[in-house]
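Student: I have a model open and a list of labels for it. Can we test each label against its cut-off?

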Amino acid sequence: MFEEHGHTVTPLDRLAFVVGTWFGCGQSPKAPGTVGSFGAIPLHLLLSRLPLAYHALAIAALTILGTWAAQRVSDNLGQEDPQRVVVDEVAGVLIAMACVRTAAPLAAVAAFVLFRFFDITKLGPIRAAERARPAGVGIMADDLIAGIFAGALARLGVSLIGA
């Protein structure tokens, strides 16, 4: 975890690492962001059974907790945006899929794919948000915006197709 950086590990560091890597999804040697996004699906399925207000509150709480965890992991590793931090992808994809939570399951798949597209390409304001400071805010902000874009586009698709 942080031992290789000469850091004394505290219980809060361990919690930040678990949250930041989304229970280890971010430790994937290949495509940790995609693995982290897939790691959000069980939470989405649980939240989609609750009223939308609770779904939104859970995303807000995860955003706050994720910003703290991302900042702490970033500081402890001495990296601006560690690839193993994927809680930002979790929050972003939850936003995207929440926008189509009452539509057919294919809409959630579309929201997921659109989120990954916006997260990877970082078009326009997404790239700018990534540079926000402190680091934890920038780590989270670009994915939150990518989630909003993906969700809005998926919702528009549902409205046009009528699914």
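Predicted model: local features only at pLDDT ≥ 70, side-chain atom pairs only at ≥ 80, totals over all residues.

Student: Why is helix 4 called roughly antiparallel to helix 5?

Tutor: Start with the angle. Helix 4 (residues 52–77) and helix 5 (residues 87–98) pack at about 160°, and their axes are 9 Å apart. The label needs an angle over 145 degrees. So helix 4 is roughly antiparallel to helix 5. The crossing of the two is left-handed.

Student: Which residues in helix 4 and helix 5 meet?

Tutor: Helix 4 brings His55, Ile59, Leu62, Thr63 and Gly66. Helix 5 answers with Val87, Val90, Ala91, Leu94, Ile95 and Ala98. By class, this contact has 8 nonpolar, 3 polar and no charged residues.

Student: Which residues make the contact of helix 4 with helix 8?

Tutor: On helix 4 they are Leu62, Thr63, Gly66, Thr67, Ala70, Gln71 and Ser74. On helix 8 they are Ala135, Gly136, Val137, Ile139, Met140 and Leu144. The classes are 7 nonpolar, 6 polar and no charged. Leu62, Thr63 and Gly66 also take part in the contact with helix 5.

Student: How do you know that helix 2 and helix 6 are roughly antiparallel?

Tutor: Their axes cross at roughly 150° and come within 11 Å. The cut-off is over 145 degrees, so the label is roughly antiparallel. Helix 2 passes helix 6 in a right-handed crossing. Gly33, Thr34, Ser37 and Phe38 in helix 2 meet Phe112, Phe115 and Arg116 in helix 6. That contact counts 3 nonpolar, 3 polar and 1 charged residues.

Student: Now the largest pocket. What is its volume, and which residues are closest to its centre?

Tutor: The volume is about 270 Å³. Its lining has 18 residues, and Gly33, Gln83, Glu89, Asp119 and Lys122 are the closest to the centre. At least two lining residues come from each of helix 2 (32–39), helix 5, helix 6 (105–121) and helix 8 (135–161).

Student: How do the lining residues divide by class?

Tutor: The lining has 7 nonpolar, 2 polar and 9 charged residues. Glu89, Asp119 and Lys122, named among the closest to the centre, belong to a class made up of Asp, Glu, Lys and Arg.

Student: Why is the bond between arginine 133 and proline 134 called cis?

Tutor: Look at omega. The value is about 5°, and the peptide bond joining arginine 133 and proline 134 is cis. Most peptide bonds are trans. Proline 134 lies in the loop between helix 7 (125–130) and helix 8.

Note on methods
Residues numbered from 1 in each chain as written. Heavy atoms only, no water. Axes fitted to C-alpha atoms, helices over the stretch in contact; angles between N-to-C directions. Helix = DSSP H or I, 4+ residues; strand = E, 2+ residues; numbered from the N terminus. Parallel < 35°, antiparallel > 145°, perpendicular 65-115°, else oblique. Left-handed = near helix turned anticlockwise from the far one by under 90°. Contact = heavy atoms within 4.5 Å. 1 Å grid on protein atoms, 1.4 Å probe; cavity = no way out; pocket = protein on both sides within 12 Å on 5 of 7 lines; lining within 4 Å. Points joined across faces, edges and corners; volume = space filled by probe spheres on them.
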